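Colleague: I am new to reading protein models. Could you take me through some features, one at a time?

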Amino acid sequence: MDHTDRTVRGGWTAEGAAAGDLPPTAARWLAARTGLVPAATPVAPASATPVPDSALPASVRAALGTIVGVEHVLVEAGDRAGRAGGLSYLDLLRRRGAGATAVPDAVVVPGDPAEVAKVLEVCVRHGVAVVPFGGGTSVVGGVNALKGEHGCVVALDLARLDRLVRVDEVSRLAVFQAGVTAPEAERLLARRGLTLGHFPQSYERATLGGFAATRSSGQASAGYGRFEDMVEGVRVATPRGEWRLGVAPASAAGPDLRQVVVGSEGLFGVITEVTLRVRPKPRVSRYEGFVLDGWEAGAEAVRTLTQEGVRGTVTRLSDPTETEVGFTLNGSWKTSAVRSYLRARGVRRPCLLVLGWEARSSAALKAKRAATLKVLRGAVRLGAPAGEAWRRGRFNGPRQRDALMDVGVLVETLETAAHWSKLGELRTAVSTALTSSLTSGDRKPVVACHVSHTYETGASLYFTVIAPRDPEDPVGQWQRAKHAASTAIAGLGTITHHHAVGADHAAYLPAEIGDLGADVLRAVKRELDPTGVLNPGKLIP
Ligand SMILES: Cc1cc2nc3c(=O)[nH]c(=O)nc-3n(C[C@H](O)[C@H](O)[C@H](O)COP(=O)(O)OP(=O)(O)OC[C@H]3O[C@@H](n4cnc5c(N)ncnc54)[C@H](O)[C@@H]3O)c2cc1C
């Protein structure tokens, strides 16, 4: 297999491919709203990434080669640079020459769970740090090649753990190896008329092991649940030996230890297999757009749909700014016509609500849609074109981000969640913090927000920030803004609803789980990974 498959170089867009041009209307809108003066800032070629010599001793390299095959221990500069970090804005900036990147000393690509276990044994024996590497789509520094107290670090690329192990159609369970990507999992399940239903925006690249390790949440979480809701069992290689969990759909046998593994971000062990709940693949679907007037009315509508149990499989509300950004950047339906239509209906601050229903039969879909519409009050219907426009573009964000970065834009996202009673306050606090941090002279940011994961008791907030990049100090500019937002979140919501903690959020974790909580994590880490080789510098502050 081609080991360069999963390397992460410039951005989402494959190296050598054009990220795509911004439509002229979008460029004009950006200049007017943010003061952006476009400046070409292309991705540096991979060969320009400074890659230090590998510090992995030859004896350790040979021992690893004996386990996985010498051709699966990669020390070429390009292979190592390709696993040097994930896909956050800061990661992408570094690949454009701003700041240094930690590069692993080697990339080890084991072929099965037994090889993973043996690789860990060698790394423990020789004090080599190990960074589990799935799709490399982390946006929180989760796959940064940090070595902690150790002399060198390897990226443990799970690309060869790519099998569907077995399916139990009676129980609706599928066992996958951890390196299977989301599209591959859907392809394998579709042959049996099944689906996982996990569609994060990173769908095209991310892996099942990565989803489990980070408590991922997909765009259809309203219909299929968060990833941890799908995990019925795990097989984990730890430095203390193999750990298997999950023998029954529910259990009172003490605390649910699967949840110690889910969200453990590669610190407690390497997930080699996941047993996942699967569902029959829907045969029909329908996506529609609605507009509510103002954030408060929109949030109230989404809360009611959720608490009444009648939301769509996809339920996604954009605030007025994100609605404006969407109209402008993605405008595949006629913006001005929509604006006049809404104005004529008295809508002053349009908030786009996308609802998608999926079902096994037309009658079931009709019934679901009718139940939603019965409860949804005060919304202006835009119909299927608006819903389908969102569906068509649902995975376009990362490519658009590359295109924006090419013209000198700061573009990043961050997310949180809170109970319904605090949601409005949290949105205002984060928006205000980001806006004041990123406003400077003529330069001002656009801070947009949406809700796409809802619960009976609350919801997530997902912010997209667009601003002119500070050419003098682009890294510091975002670090200050992110710190301001993270500080604003403390006490109101969680530091992360689905991106995980990684290196970037670790300092903010004690504000959420307490010093005692951090000590509990340290105790688990000591028990499972006594010499601390697994993913140093992440999750635990
Ligand atoms: C453009 C973009 C959009 C995104 N959209 C979403 C979204 O909609 N929803 C969402 O939840 N997230 C999203 N993310 C974040 C990211 O995709 C998720 O965190 C995803 O779960 C990571 O999967 P991965 O396979 O790429 O893992 P990686 O990035 O490779 O790793 C993530 C973390 O998990 C660890 N890890 C990976 N595999 C294993 C394993 N087998 N065993 C133990 N530890 C492991 C790594 O060491 C690291 O700490 C997005 C990211 C990008 C770049």
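Modeller: Start with handedness. A crossing is left-handed if the near helix is turned anticlockwise from the far one by less than a right angle, and right-handed if clockwise. Here, helix 11 passes helix 17 in a right-handed crossing. Now the ground rules. This is a predicted model: local features need pLDDT of at least 70, side-chain atom pairs count only at pLDDT 80 or more, and totals for chains, interfaces and linings use all residues. Residues are numbered from 1 along each chain as its sequence is written, and side-chain values use heavy atoms, with hydrogens and water left out.

Colleague: What describes two packed helices?

Modeller: The angle between their axes and the distance between the axes. Axes are lines fitted to C-alpha atoms, for helices over the stretch in contact, and angles run from 0 to 180 degrees between N-to-C directions. Helices (H or I, at least four residues) and strands (E, at least two) are DSSP runs, numbered from the N terminus. Take helix 11 (residues 295-307) and helix 17: they pack at about 150°, with axes 11 Å apart.

Colleague: How are helix 11 and helix 17 oriented to each other?

Modeller: Angles under 35 degrees count as roughly parallel, over 145 as roughly antiparallel, 65 to 115 as roughly perpendicular and the rest as oblique. Helix 11 and helix 17 are therefore roughly antiparallel.

Colleague: Which residues of helix 11 and helix 17 meet?

Modeller: Contact means heavy atoms within 4.5 Å. From helix 11, W295, A299, V302, R303, T306 and Q307 meet W420, G424 and R427 of helix 17. By class, this contact has four nonpolar, three polar and two charged residues. Ala, Val, Leu, Ile, Met, Phe, Trp, Tyr, Cys and Pro count as nonpolar, Asp, Glu, Lys and Arg as charged, and the others, Gly among them, as polar.

Colleague: At what angle do helix 17 and helix 18 cross?

Modeller: Roughly 155°. The axes of helix 17 (residues 420-438) and helix 18 (residues 474-489) come within 8 Å. That angle makes helix 17 roughly antiparallel to helix 18. Their crossing is right-handed. By class, their contact has twelve nonpolar, two polar and one charged residues.

Colleague: How many residues lie between strand 8 and strand 9 in their hairpin?

Modeller: Two. Five bridges join strand 8 (residues 231-238) to strand 9 (residues 241-245). T238 stands opposite G241. Strand 6 (residues 173-177) and strand 10 (residues 270-277) also pair over five bridges. There, V175 stands opposite T275.

Colleague: Last, backbone angles. Where is R172 found?

Modeller: In the loop between strand 5 and strand 6. R172 is partly exposed, at 41% relative accessible area. A500 has a positive phi too, near 85°. A500 lies in the loop between helix 18 and helix 19 (510-528) and is buried, at 6%.

Conventions. Two strands pair if DSSP finds at least two bridges between them. Buried means under 20% relative accessible area, exposed over 50%, partly exposed in between (1.4 Å probe, protein chains only).
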